[in-house]
Amino acid sequence: MSPAPIPQTHTGLDSPAGVWWTPAHRAEKLWVGIAFAWCLVLFAMMPLWHLKGGQNPSGIRRRTDATAYYKRTQEFIKQYQVGTDRGMPVVEPPPGSDVYLAGMTFQWTPILRLRQGAEYTLHISSLDVNHGFSLFPVNVNFQVVPGYDYGLRVTPTAAGDFRIICNEFCGIGHHTMVGRVIVLDSAGREIARSEEAR
Ligand code: CUA
């Protein structure tokens with residue numbers, strides 16, 4: 001009976017088995033070249049996308065703090081309030097104006113009434129933690145970070161009754177954080193929900 005073979009273990013003292021030290025084949029060099037060129041393309045895409053992709057907030061972005069932003073939002077509400085809906089102020093700013101929307105756990109204030117086809121500067125900020133602004137059912141998404149006042153130039157293109165859904169987990173009431181934007185048609189009419197469904 002022969003003894004059991006000693007298992008081969010590799011140490012750094014021996015050269016590893018294989019052909020890795022032989023010169024690379026032409027095809028390998030070509031593929032490495034292609035991969036490298038593609039890396040450069042992707043690298044160039046980052047600044048290019050920032051400038052041309054429309055992914056980043058292209059409007060105003062400045063530092064603020066919760067107290068100042070809350071105060072500004074309250075001033076905005078006082079100036080243009082037209083009613084309330086279940087205790088939440090409904091605000092109808094004139095076309096072209098600066099609109100202030102504040103996100104906080106767990107609500108968006110105020111309710112906005114905007115005009116279809118009119119341009120606004122929509123300021124968004126959070127008073128506490130990160131929130132996500134998404135407009136349902138439209139495909140609009142925006143990260144709302146505390147400490148920053150984002151001024152987005154927006155022009156509502158469709159009339160209707162929209163919901164702002166928070167899409168960034170912000171706490172126990174995250175799923176209840178629903179706001180409202182009413183877009184009046186160009187004649188200033190509020191579209192009834194039944195009409196909108198058509
Ligand atoms: Cu705010 Cu989730």
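The following dialogue explains the terms applied to this predicted model.

User: What makes Phe76 and Tyr80 an aromatic pair, and which kind is it?

Analyst: Rings of Phe, Tyr and Trp (its six-membered ring) pair if their centres lie within 6.5 Å; planes under 30 degrees apart count as stacked, over 60 as edge-to-face and the rest as tilted. The centres of Phe76 and Tyr80 are 5.8 Å apart and their planes stand at 65 degrees, an edge-to-face pair. Both residues lie in helix α2 (residues 66–80), four residues apart, about one turn of the helix. Helices (H or I, at least four residues) and strands (E, at least two) are DSSP runs, numbered from the N terminus.

User: Why is Phe76 called buried?

Analyst: Buried means under 20% relative accessible area, exposed over 50%, and partly exposed in between (1.4 Å probe, protein chains only). The relative accessible area of Phe76 is 1%, so Phe76 is buried.

User: Why is the pair of Phe142 and Tyr150 called edge-to-face?

Analyst: Their ring centres are 5.0 Å apart and their planes meet at 80 degrees, so the pair is edge-to-face. Phe142 and Tyr150 are both buried.

User: How many aromatic pairs does the whole structure hold?

Analyst: The search finds six. Ring pairs also join Tyr69, Phe76, Tyr80 and Tyr100 into a cluster.

User: How do you know that the charged end of Arg63 sits over the ring of Tyr148?

Analyst: A charge sits over a ring if NZ of Lys or CZ of Arg is within 6 Å of the ring centre and within 35 degrees of the ring normal. The charged end of Arg63 is 4.6 Å from the centre of the Tyr148 ring and counts as sitting over it.

User: What makes a set of residues a nonpolar core, and which members of the largest one touch the most others?

Analyst: A nonpolar core is a set of buried Ala, Val, Leu, Ile, Met, Phe, Trp, Tyr and Cys residues joined through side-chain atoms within 4.5 Å. The largest has 30 residues, of which Trp108, Leu112, Phe133 and Val181 touch the most other members. Strand β4 (residues 98–104) supplies its largest share, five residues. Apart from this core lies another, of five residues, including Val90 and Ile111.

User: How do you know that strands β7 and β10 pair?

Analyst: Two strands pair if DSSP finds at least two bridges between them. Strand β7 (residues 120–126) and strand β10 (residues 148–154) share five bridges in the antiparallel sense, and Tyr120 stands opposite Val154 in β10.

User: What makes β1 and β5 edge strands?

Analyst: Five strands form an open sheet with mixed pairing, in the order β1-β10-β7-β4-β5. β1 (60–63) and β5 (107–109) each pair on one side only and are the edge strands.

User: In which sense do β3 and strand β6 pair?

Analyst: β3 and strand β6 (residues 111–115) pair in the parallel sense over two bridges, with Val90 opposite Ile111 in β6. By contrast, strand β2 (residues 81–85) and β3 pair in the antiparallel sense over four bridges, and Pro89 is the bridge partner of Thr84.

Definitions and conventions: Residues numbered from 1 in each chain as written. Predicted model: local features only at pLDDT ≥ 70, side-chain atom pairs only at ≥ 80, totals over all residues. Heavy atoms only, no water.
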